[in-house]
Amino acid sequence: MNAAENKPKNLARPYDPSKVIPPGATVGVLGGGQLGRMLALAGRAMGYRFVTLDPTPDAPCGQVADRQITAPYHDAAAARQLAELSDVITYEFENVDADVTALLMAQSYVPQGSRLLHTTQHRLREKRAIEAAGVRVAPYRAIASEAELLEAVQAFGTPCVLKTATGGYDGKGQWVIRQLAEVPDAYSTLSRAGGELVLEQFVRFAKEISVIAARSPRGEVKAFPAAENVHVNNILHLSIVPARASGQVLAEAERMAVRIAEALDVVGLIAVEMFLTEEGELFVNELAPRPHNSGHYTMEACRTSQFEQHLRAVCNLPLGPAKLLSGVVMVNVLGQHVQPLLEWMVRPESQTAVPGVTAKLHLYGKSEAKDNRKMGHVNLLTDNVQDALDWIERSGVWK
Ligand code: AMP
């Protein structure tokens, strides 16, 4: 028995700062979507093996993993099988069932633990944790009744944003209240699901940016350069890196992400989404404890991709340098873009349309190209943002 094993276990910490999961080991991934796929692609190059659990046969991650267990996420027998096959377990989505996490933690090694998931699964808990880390969020109030909502809307002024505390994503579970008369409808619609609500003051932001930080059990922390994010219909459309903001603001955004990673005892990645106002103020909007769409640019533009970094952190390897090698614009490929994009990418002009722009296509292997479904992305490498935007325009794909 080594010295580390003799130490009393700190139950609040699901990880062991001295335990390393070396290449050759098997990584279990709960969730078989594109994030798991890109994690497995990065990890296979490093020598790790992968097993994933996902309800859909031939899931994006299953296609590149050594093995897929096809079962619902709440299936205890399947979770047990994942635990048996894995030396370490991670997840690629945050709405992981608490019982499943408990089972996996009892039967395998889950260095990310369950506390961070518990925090980020609930907007109010998340905001309190961010504030406790000394980082600002937009003013907010917990809302338990229509009367409370009315009072809070009067206090904040319109517009303001009512959100469900749990279950919302990509703008779902939200209502922008533009006048007092909307209060009854907003309350009855969002309270229908029965969960808690939170009202936020509307931030008149100039830009949305995000920073992804990684932290390992040994306590090493590194942040990737901030991305400037452009959404269309509440779905991420572009990430522009470097973000077009002052060096001071970007350094502050990176410091905030590092502070959150440390204060929340993160293992793996934490994506921190922020609003940046005209005055240069930053407010954190939300967190995601996993690889993030706004970090896909790192795949070719950084010395270490977010996926390799996540594995390094979870496996307690030294973190890789997060330095940016090239300017980049990431554009998301949704279901409606796949066919026109493929027609464009097979034409020689796609490589020469805008000199100096290198286009790197990533597709996730999903069979059904439904509208607005994330099917892939293109990283446009160039130090001139306008050139990348011109490439997007020339392709005629994103109309
Ligand atoms: P969320 O689901 O919290 O990421 O919100 C989805 C989008 O709604 C954000 O990307 C913003 O564009 C907008 N939004 C959310 N909260 C606020 C807020 N407090 N003020 C202004 N815009 C917001």
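Q: Which residues does leucine 319 touch, not counting residues up to four places away in sequence?
A: Leucine 319 touches Ala214, Ser216, Glu220, Val221, Lys222, Gln309, Arg312 and Ala313. Contact here means heavy atoms within 4.5 Å.
This is a predicted model, in which local features need pLDDT of at least 70 and side-chain atom pairs pLDDT 80 or more, while totals for chains, interfaces and linings use all residues. Residues are numbered from 1 along each chain as its sequence is written, and side-chain values use heavy atoms, with hydrogens and water left out.

Q: Why is leucine 319 called buried?
A: Its relative accessibility is 7%. Buried means under 20% relative accessible area, exposed over 50%, and partly exposed in between (1.4 Å probe, protein chains only). Leucine 319 therefore counts as buried. The residue is found in the loop between H11 and E15. Helices (H or I, at least four residues) and strands (E, at least two) are DSSP runs, numbered from the N terminus.

Q: Why does arginine 215 count as buried?
A: Arginine 215 has 7% relative accessibility, so it counts as buried. It is found in strand E9. Leaving aside neighbours within four places in sequence, its contacts include Arg13, Tyr15, Asp265, Gly268 and Ala313.

Q: What makes the pair of arginine 215 and tyrosine 15 a polar contact?
A: Their side chains meet at 3.4 Å. A polar contact is a pair of N or O atoms within 3.5 Å; within protein, one must be able to donate a hydrogen and the other to accept it, and residues adjacent in sequence count only if both atoms are side-chain atoms.

Q: How do you know that the buried residues of H14 line one face of the helix?
A: In H14 (residues 385–395), Val385, Ala388, Trp391, Ile392 and Ser395 are buried. Seen down the axis, they fall within an arc of 120°, so they line one face. The arc is that of the directions from the helix axis to the C-beta atoms. An α-helix has 3.6 residues a turn, so residues three or four places apart point the same way.

Q: Which residues on the other side of H14 are exposed?
A: Glu393 and Arg394 are exposed there.

Q: What do the buried residues of H14 pack against?
A: Their partners include strand E12 (235–241), strand E15 (328–334), helix H12 (338–345) and strand E17 (374–381).

Q: What is found at the start of H14, and which residue just after H14 takes a positive phi?
A: At the start, a side-chain oxygen of asparagine 384 reaches to within 2.9 Å of the backbone nitrogen of glutamine 386. Just after H14, glycine 396 takes a positive phi of about 70°.

Q: How many residues surround the ligand?
A: The number is 15, and the closest are Lys163, Gln174, Val203, Glu208 and Glu286. A residue is near a molecule if one of its heavy atoms lies within 4 Å of it. Strands E6 (160–164), E8 (197–201), E9 (205–215) and E14 (282–288) each supply at least two residues of the shell.

Q: Which residues have a polar atom 2.8 Å, 3.0 Å or 2.6 Å from a ligand atom?
A: A polar side-chain atom of lysine 163 lies 2.8 Å from a ligand oxygen. A polar backbone atom of glutamine 201 is 3.0 Å from a ligand nitrogen. A side-chain N or O atom of glutamate 208 is 2.6 Å from a ligand oxygen. Taken alone the ligand exposes 470 Å², and the protein buries 90% of that.

Q: Why is serine 108 called buried?
A: Serine 108 has a relative accessible area of 15%, so it is buried. It lies in the loop between helix H4 (98–107) and helix H5 (115–120). Its side chain reaches the backbone oxygen of serine 86 at 3.5 Å.

Q: What makes threonine 26 count as buried?
A: Its relative accessibility is 16%, so threonine 26 counts as buried. Its place is in strand E1 (residues 26–30). Threonine 26 and tyrosine 48 are 22 residues apart in sequence and 5.9 Å apart in space, C-alpha to C-alpha.

Note on methods:
Accessible areas come from the Shrake-Rupley method with a 1.4 Å probe; for residues, only the protein chains shown count as cover.
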